[in-house]
Amino acid sequence: MRIGIVGRKKDTGNYEAFLERHGAEHLTSLAISDLAACQGLLFPGGGDITPAFFGERDRGSRSIDTELDILQLQAFEYGINRRLPILGICKGMQIINVGLGGGIIQDLPTADCHRYLGADQYHRAYNLPGSFLHRLYGEDMLVNSAHHQGLGKLGKGLQVASRCPLDECVEGICHESLPILGVQWHPERLDPARTQARGIVLLSYFLSIGQ
């Protein structure tokens, strides 16, 4: 199974290394013609989504790249139409939500609990019973965090899989019928000295739903 990393190659080294460490074939591109050779799509972390794409004015969004947003949303629509397995990480989870008509909280009131402070922050996440994250990691896990935005209104067909107990920030989602998963944390760089959770568990599950 070849995974298409939907991003700019200069920004996706962590994700490429993550897939390579675990023997997953990958291709990094924003071109639909390239992604057509892939059997699954990974939407990586990054800056904030252009607020106009979820019907708002800028109220604290940062590091916006509108061209990238357009290309990622087009690739997401491509993946949806072909029912490809899709995994969104951090901004990638937000792309999934916006792509399905959902919203974004542009600057969380509790952002200090989540934002990148020279390194990832770690906090608890509680996985909802019956969710894929509960099956993979159990009820409680320690996750890494590097964001100041969060999901607002859920996109069509999405379900919450995990929340932060500090503020109810959505930490994981899945689709009710399509092979779409998203996490707000970063499985590609979980620190084994900080948490017992392992990114390979999520990656292995994602690869399995495409087979």
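User: Let's start with Cys-90: is it buried or exposed?

Analyst: Keep in mind that this is a predicted model. The general idea is to look at relative accessible area, where anything under 20% counts as buried. Cys-90 has a value of 5%, so it is buried. Cys-38 also has a relative accessible area of 5%, so it is buried too.

User: Okay, helices next. What span should H3 have, and what do its ends show?

Analyst: Take 1.5 Å a residue and compare the result with the distance between the end C-alpha atoms. H3 covers residues 66-81. Its 16 residues should span 22 Å, and the end C-alpha atoms lie 23 Å apart, which agrees. After H3 comes Arg-83, with a positive phi near 55°.

User: Which residues of H3 are buried?

Analyst: First, the general idea: an α-helix makes a turn every 3.6 residues, so side chains three or four places apart point the same way. In H3, the buried set is Leu-68, Asp-69, Gln-72, Leu-73, Ala-75, Phe-76, Tyr-78, Gly-79 and Ile-80.

User: And what covers them?

Analyst: The cover includes helices H2 (32-35) and H4 (91-99), along with strands E3 (40-43), E4 (86-89) and E11 (180-183).

User: Asp-69 is on that list of buried residues. What does its side chain pair with?

Analyst: Check accessibility, then look for polar partners. Asp-69 has a relative accessible area of 0%, so it is buried. Its side chain makes a polar contact of 2.8 Å with the side chain of Lys-91. Leaving aside neighbours within four places in sequence, Asp-69 is also in contact with Asp-48, Ile-49, Thr-50, Phe-53 and Ile-64.

User: Now a loop residue. Where is Gly-103, and is it buried or exposed?

Analyst: Gly-103 lies in the loop between H4 and strand E5 (104-105). At 11% relative accessibility, Gly-103 counts as buried.

User: What does Gly-103 touch?

Analyst: Setting aside residues up to four places away in sequence, Gly-103 touches Phe-54, Asn-97, Leu-151, Gly-152 and Lys-153.

Key:
Residues numbered from 1 in each chain as written. Predicted model: local features only at pLDDT ≥ 70, side-chain atom pairs only at ≥ 80, totals over all residues. Heavy atoms only, no water. Helix = DSSP H or I, 4+ residues; strand = E, 2+ residues; numbered from the N terminus. Buried < 20%, exposed > 50% of the residue type's maximum accessible area, 1.4 Å probe, protein only. Polar contact = N/O pair within 3.5 Å; in protein donor to acceptor, adjacent residues only side chain to side chain. Contact = heavy atoms within 4.5 Å. Expected span 1.5 Å × (residues − 1).
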